Amino acid sequence: MAKKRKKIIRYKKTKSLNIGIAVFAVIFLYLAIMTGRYFFTPKIKMYEVFEGDIANTSYYTGVALRNETIVTSPYAGYVNYYLRERQKASVGNLIFTVDESGAMAEYLNASTGKESRLSEENLKELKAKLSAFSTSYSDEQFLEVYDVHAELSSMLMEYMNSNLLDELSAQAGTEAAASFQKCPAAVSGVVFYSSDGMEGLTPEGLTADTFSQENYEKTIYRGGTLVKNGDPVYRMITENTWSIAIPLSEEDAAVYAGETSMSIRFTEKNLDAAADFSIVRGGDGASYGLFVLDKYMIQFAGERYIELEVKTDHPKGLKLPKTALTTQDAFVIPGEYLTTGGDSLAEGFNREVYGEDGSISIEFVEADILRITSEAEQKAAEEAGEPIPDFCYVAGTSLSQGDMLLRPDSNDRFRVAEKQSLTGVYNVNRGYASFRYVNVIDENEEYCIAEKNVYYSIRTYDQIALHGSGLTEGQILR
């Protein structure tokens, strides 16, 4: 039996638009475009503008110059001191004594151990000094230990020798007392029992070798030592005003030229001071800086070489990273041609427009002004005897070279031609790069200070591009 053949006819389906797929495709395309823009649009790091200054601090090792003299002994013998170091002596105050024969020293040695030469009052003052120091002591101020040690040693010497003097007075008329010579102060001043041979140093005698500590030596004068007639026994500082000299390089001399006062910091003692400043010529012809102070003389009278931080006063303004700086050319146009257009408050210029038939009409062109000559600039120029006219600097996006501008209420014309390069940054507050002129008034290697409150410039808290090079006007950022 023959098989029946079945004829299958395929049904032709009609094509229809799937709305879901279409919507998905549109969303996918949008995401692809936005992703592409994200990866291919330049990434801009921003910097928020704030006010500040550039703290230029330099470090020096200075040499102290003082009005000081070395006092010598008029006798030969054993010297003992009766005034505490760093104390001020008036004329006639007993500073030291000289035992010419040594008989008094023998007497004192024989009486040693019989009784203490410190009174109850002396011990009380020494204990009070130690107690005050231990209460305020901290590891961060360990150097004060040496100062307190020196002060306690001086107090102990003064008390013992003063009490000793009372004992010697009771021996008046003896052989020992006959060889005992008292030496009072001939002038008033502050007493120190050390010297280094640089007491007569003056600014005119400064040389490069003055600041070398390689061969520096200090001599300490101690009681009970044998001295000859004419030997130095103490140092007297007669004035509270003193100076610190520092070596200057050519760059330093140029930076500090014209400075009359500066702020300095004593790094070891954590002290700040304002000092009068001048540049002097030393004995070797080199330039040296000289700081004159009227305080802290006592604190540093025992030191010749002093570590300093020198802080120069710098103008304050808008602190900007130097990487943000860039340049842009601008047309230079006399300020009297600037006007406002019609009912608008927008600033711009009246420009002549030439028709095909040769007719001339005037149109207002809104200008992208980058800078105008400030009143301060004009005043400074007038004071210098070189007055400058009022100019405005316009970006090339609004005008073209060769444009003819008409002065308001006049028939005067000006042809746009001259260009000048302006320094500025790119403001990115609105999501695109907009050039803004800045007037740099100070700078160092990393930052610059721009004048604030300048027309058409940036303001505090503006956002600018951290790296200005490579950007263009109007560039969209992300």
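## The largest cavity

The residues lining the largest cavity are two nonpolar, three polar and seven charged. Here Ala, Val, Leu, Ile, Met, Phe, Trp, Tyr, Cys and Pro count as nonpolar, Asp, Glu, Lys and Arg as charged, and the others, Gly among them, as polar. The lining consists of R66, S194, S195, D196, E199, Y216, K218, R235, A301, G302, E303 and R304. The volume is about 60 Å³. The structure holds one cavity of 30 Å³ or more. On a 1 Å grid over the protein atoms alone, a cavity is a set of points where a 1.4 Å probe fits but cannot get out; lining residues have an atom within 4 Å of a point. Points are joined across faces, edges and corners, and a volume is the space filled by probe spheres set on them.

This is a predicted model: local features need pLDDT of at least 70, side-chain atom pairs count only at pLDDT 80 or more, and totals for chains, interfaces and linings use all residues. Residues are numbered from 1 along each chain as its sequence is written, and side-chain values use heavy atoms, with hydrogens and water left out.

## Salt bridges

The structure holds 13 salt bridges. The term means a side-chain nitrogen of Lys or Arg within 4 Å of a carboxyl oxygen of Asp or Glu. E363 pairs with R351 at 2.7 Å, N to O. E363 sits in strand β23 (360–366) and R351 in strand β22 (347–354), so the bridge ties together parts 12 residues apart in sequence. Helices (H or I, at least four residues) and strands (E, at least two) are DSSP runs, numbered from the N terminus. E363 is partly exposed at 31% relative accessibility, and R351 is buried at 17%. Buried means under 20% relative accessible area, exposed over 50%, and partly exposed in between (1.4 Å probe, protein chains only).

R66 bridges to E68, with the closest N and O atoms 3.8 Å apart. R66 is buried, at 7% relative accessible area. E68 is buried too, at 7%. E303 meets K269 at 4.0 Å, N to O. E303 lies in the loop between α7 (297–300) and β18 (305–311), and K269 in the loop between β15 (261–266) and β16 (271–281), so this pair ties together parts 34 residues apart in sequence. E303 is partly exposed at 24%. K269 is partly exposed at 26%.

## The second largest pocket

This pocket has a volume of about 260 Å³. A pocket is an open set of grid points with protein on both sides within 12 Å along at least five of seven lines. The lining has 13 residues; S374, E375, A376, E451 and V454 lie nearest the centre. Two elements, β24 (369–372) and α8 (375–383), each give two or more residues to the lining. The largest share, three residues, comes from α8. By class, the lining splits into five nonpolar, four polar and four charged residues.

## A nonpolar surface patch

I19, V23, I27, Y30, L31 and M34 make a nonpolar surface patch of about 590 Å². Patch residues have over 30% relative accessible area and no salt bridge; like charges are joined within 9 Å, nonpolar side chains (Val, Leu, Ile, Met, Phe, Trp, Tyr) within 5 Å. Accessible areas come from the Shrake-Rupley method with a 1.4 Å probe; for residues, only the protein chains shown count as cover. V23 belongs to helix α1 (residues 19–40). V23 counts as partly exposed, at 45% relative accessibility.
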